[in-house]
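The sequence and structure come first.

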Amino acid sequence: MARVVGFDQHPAQTLRAGEGFSLAAVDPNSTPGYSGTKDDGKLLLAEMDDELSELQEKLFAESRFGGTKRVLLILQAMDTAGKGGIVSHVMASMNPQGVHFKAFKAPTDEEKSYDFLWRVEKEVPAAGMVGVFDRSHYEDVLIHRVHGWASPDEIKRRYVAINEFEARLTDSGTKVVKVMLHISGDEQRERLLARLDNPAKHWKYSHGDLDERAFWDDYMSAYQAAIDETSTPVAPWHVVPANKKWYARIAVQQLLLGALSGMNLKWPKAEFDVATERELVARS
């Protein structure tokens with residue numbers, strides 16, 4: 001059996017955007033904290049599936065007996081960065097009944113008539129659930145800043161509102177895991193071309209992706225500002241180099257494992273006499 005190569009340093013420390021963080025200094029081709037190969041990474045992803053599944057089941061089981069803990073994974077990235085691959089490869093081992101997935105698209109007219117957090121608050125995970133946001137409330141400070149759809153003062157107000165919102169989530173028992181999948185402009189070009197070269201991927205392509213690509217530097221500046229303003233002790237950002245899809249997947253898997261492991265989850269104790277019930281079942 002092949003030896004499974006683990007991380008030299010946990011992504012929760014390696015990838016955390018702390019004080020003085022510079023997005024420009026992050027190499028999208030790098031694999032911070034991991035010295036293994038692509039094949040090693042694939043083995044690690046598979047090896048950790050059972051542990052991730054068990055932790056999720058403990059989280060769900062606790063909630064059936066009054067537990068209030070939950071997890072919210074927020075995935076932000078430029079187009080083609082691999083959010084869908086994270087969901088399909090990392091979350092696949094989890095029981096679907098314990099996962100709440102929401103992909104945020106452009107807001108509807110009704111959603112626009114409320115504050116930007118209105119539609120987001122309705123989708124936060126319930127107790128015992130692992131919530132996944134494919135894009136999120138951060139779109140309302142990223143794209144709005146890039147295109148000037150909101151004033152600088154309004155953007156600042158939204159940063160404050162986001163920090164307060166995530167602090168409330170944390171206070172209510174939610175572990176917030178915020179991930180930016182960071183790819184290079186060159187890598188995005190190659191992935192867009194690959195979609196166009198494969199008829200089975202044409203449905204994933206949108207000319208709008210090309211339109212937004214023209215604002216690449218502005219988006220990088222917007223991400224830097226958002227990280228500076230909203231990477232807090234209770235909800236820090238983790239910036240994951242994502243040119244190598246296999247690395248991004250094992251890094252996010254480790255972040256989720258770390259979040260769940262840190263919750264001190266326990267199986268609920270039986271509210272009946274196990275020996276008696278076992279005897280009854282054996283005689284049935």
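Arg 135 counts as buried because its relative accessible area is 18%, where buried means under 20%, exposed over 50% and partly exposed in between (1.4 Å probe, protein chains only). The model is predicted: local features need pLDDT of at least 70 and side-chain atom pairs count only at pLDDT 80 or more, while totals for chains, interfaces and linings use all residues. Residues are numbered from 1 along each chain as its sequence is written, and side-chain values use heavy atoms, with hydrogens and water left out.

**Loop residues**
- Arg 135 sits in the loop between β3 and α7 (139–147); helices (H or I, at least four residues) and strands (E, at least two) are DSSP runs numbered from the N terminus.
- The phi of Arg 135 is near 70°, a positive value in a residue other than glycine.
- Thr 80 belongs to the loop between β1 and α4, and its phi, near 75°, is also positive in a non-glycine residue.
- Thr 80 is buried, at 8% relative accessibility.

**The sheet**
- Five strands form an open sheet in the order β2-β3-β1-β4-β5, with parallel pairing; two strands pair if DSSP finds at least two bridges between them.
- β2 (99–103) and β5 (237–241) are at the edges with a single partner strand each, so one side of each has no neighbour in the sheet.
- From one strand to the next, the twist averages 20°; axes are lines fitted to C-alpha atoms, for helices over the stretch in contact, and angles run from 0 to 180 degrees between N-to-C directions.
- Five bridges join β2 and β3 (residues 130–134) in the parallel sense, and Phe 101 stands opposite Val 132 in β3.

**The packed helix**
- Helix α4 (residues 83–90) packs on the sheet and touches β1 (70–77), β2, β3 and β4 (174–182), contact meaning heavy atoms within 4.5 Å.
- The direction of α4 makes about 145° with that of β1.
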